[in-house]
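Q: I have this one open and would like to go through it with you. Can we start with the helices and then move to the sheet?

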Amino acid sequence: MSRLALLIANSITAQHTQKAESSSHVSRTISQLGDVLSGLPEPYAFQVTPLVDKTPTQTRQAIDRAAEKAARSSDLLLIY
């Protein structure tokens with residue numbers, strides 16, 4: 001059994017009154033979180049897939065693929 005993590009982030013705001021975070025800042029934050037998850041001791045480490053500023057279709061497809069893989073292999077799937 002492996003441990004899979006999808007880290008989903010978006011640098012675009014939903015409202016014009018909000019200030020958007022820069023894409024580089026969002027990517028760096030997701031990378032840092034991914035490093036922590038993949039750097040856990042071996043029985044707890046995750047295989048990380050970052051999804052930053054992806055379209056809804058791309059994100060949905062990545063979730064579907066990961067969910068199918070997890071179901072086939074009895075893997076643990078974390079979506080954050």
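Q: Which exposed residues does the face of α1 turned away from its buried side carry?
A: This is a predicted model, and in it that face of α1 carries the exposed residues Asp35 and Val36.

Q: And which residues of α1 are buried?
A: Val26, Ile30, Gly34 and Leu37 are buried in α1, and seen down the helix axis the buried residues fall within an arc of 70°, so they line one face of the helix.

Q: What covers them?
A: The cover over the buried residues of α1 includes β1, β2 and β3.

Q: OK, the sheet then. What's the strand order?
A: The sheet is open and has 3 strands in the order β2-β1-β3, with parallel pairing. Residues 47-52 form β2 and residues 76-79 form β3, and these two stand at the edges with a single partner strand each, so one side of each is left without a neighbour in the sheet. From one strand to the next, the twist averages 15°.

Q: How many bridges join β1 to β2?
A: There are 6 bridges between β1, which spans residues 3-9, and β2, and Leu6 stands opposite Thr49 in β2.

Q: Where does α2 lie?
A: Helix α2, residues 56-73, lies across β1, β2 and β3, and runs at about 170° to β1.

Q: Switching to Asp75, is that buried or exposed?
A: Asp75, which is found in the loop between α2 and β3, is buried, with a relative accessible area of 13%.

Q: What does Asp75 touch?
A: Leaving out residues up to four places away in sequence, Asp75 touches Met1, Ser2, Leu4, Lys69 and Ala70.

Definitions and conventions
Residues numbered from 1 in each chain as written. Predicted model: local features only at pLDDT ≥ 70, side-chain atom pairs only at ≥ 80, totals over all residues. Heavy atoms only, no water. Pairing = 2+ DSSP bridges. Helix = DSSP H or I, 4+ residues; strand = E, 2+ residues; numbered from the N terminus. Axes fitted to C-alpha atoms, helices over the stretch in contact; angles between N-to-C directions. Contact = heavy atoms within 4.5 Å. Buried < 20%, exposed > 50% of the residue type's maximum accessible area, 1.4 Å probe, protein only. Arc of directions from axis to C-beta.
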